[in-house]
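Reader: Please take me through this chain feature by feature. Give me the general idea, then the case at hand.

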Amino acid sequence: MFRYNYNLLITCKTWVYDGYTEDDIKYDWFANDPVSFNDGISTIQIPQFKYKKLSRKVATHQLSTGNYSYVQLSIYLERNIAVFLVQVYLPAGLIVTISWVTFWVKRNAVPARASIGVTAVLTMMTLTAGGVLRDP
């Protein structure tokens, strides 16, 4: 359903079809305003994405059992890299910098060094888990 491009564009494709051949059902888009959004969709922005464009398609899939009509809607979104930098790279960089504090702690202060190291590792794991849940 989602296709990731590393040039920060994301395509969300949705198909409408069923098990009936073109003899039974033929899908098509309305001629005027086939896809409508709520008022102001062009100004609404998801924090991580910006709406770019919309495309629609009508096609026929040929199988041995017959020809099947379907419609496809593609919504193109662009990733907002600033949000990604602030939510991922900046916290990760700060955690790495804080973990360097262990180099200034005395060698015989093992509990202090261990707690800073464990805190850094657990925080990085939390950031990673949060990123997995946050991304589509």
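This is a predicted model: local features need pLDDT of at least 70, side-chain atom pairs count only at pLDDT 80 or more; totals for chains, interfaces and linings use all residues.

Reader: What pattern does the chain follow along the sequence?

Author: Start with the element terms. Helices (H or I, at least four residues) and strands (E, at least two) are DSSP runs, numbered from the N terminus. Here there are two helices and four strands. Their order is β-β-β-β-α-α.

Reader: What share of the contacts links residues 24 or more positions apart?

Author: Contact means heavy atoms within 4.5 Å. Among contacts with a separation of 6 or more, 62% join residues 24 or more positions apart.

Reader: How do β3 and β4 pair?

Author: Two strands pair if DSSP finds at least two bridges between them. Strands β3 (residues 49-63) and β4 run antiparallel, with 14 bridges. A hairpin of two residues joins β3 to β4.

Reader: Take Gln72 in β4. Why does Gln72 have the class it has?

Author: Gln72 counts as buried because its relative accessibility is 8%. Beyond four places in sequence, Gln72 is in contact with Lys13, Thr14, Trp15, Trp29, Ser55, Arg56 and Lys57. There is a polar contact too. That term means a pair of N or O atoms within 3.5 Å; within protein, one must be able to donate a hydrogen and the other to accept it, and residues adjacent in sequence count only if both atoms are side-chain atoms. The side chains of Gln72 and Ser74 make one at 3.3 Å.

Reader: Which residues form the nonpolar patch on the surface?

Author: Patches are made of residues with over 30% relative accessible area and no salt bridge; like charges are joined within 9 Å, and nonpolar side chains (Val, Leu, Ile, Met, Phe, Trp, Tyr) within 5 Å. Accessible areas come from the Shrake-Rupley method with a 1.4 Å probe; for residues, only the protein chains shown count as cover. The patch holds Ile81, Leu85, Val86, Tyr89, Leu90 and Leu94, with about 590 Å² of accessible area together. Leu85 sits in helix α1 (residues 81-99). Leu85 is partly exposed, because its relative accessibility is 40%.

Reader: How many salt bridges does the structure hold?

Author: Side chains of opposite charge can pair when their charged atoms come close. The cut-off for a salt bridge is a side-chain nitrogen of Lys or Arg within 4 Å of a carboxyl oxygen of Asp or Glu. This structure holds two. In one, Lys26 meets Glu22, with the closest N and O atoms 3.3 Å apart. Lys26 is exposed at 57% relative accessibility, whereas Glu22 is partly exposed at 23%.

Reader: What about Glu78 and Lys52?

Author: Their side chains form a salt bridge at 3.4 Å, N to O. This pair links distant parts of the chain: Glu78 is in β4 and Lys52 in β3, 26 residues apart. Glu78 is partly exposed, at 27% relative accessible area. Lys52 is partly exposed as well, at 43%.

Terms used: Residues are numbered from 1 along each chain as its sequence is written. Side-chain values use heavy atoms; hydrogens and water are left out. Buried means under 20% relative accessible area, exposed over 50%, partly exposed in between (1.4 Å probe, protein chains only).
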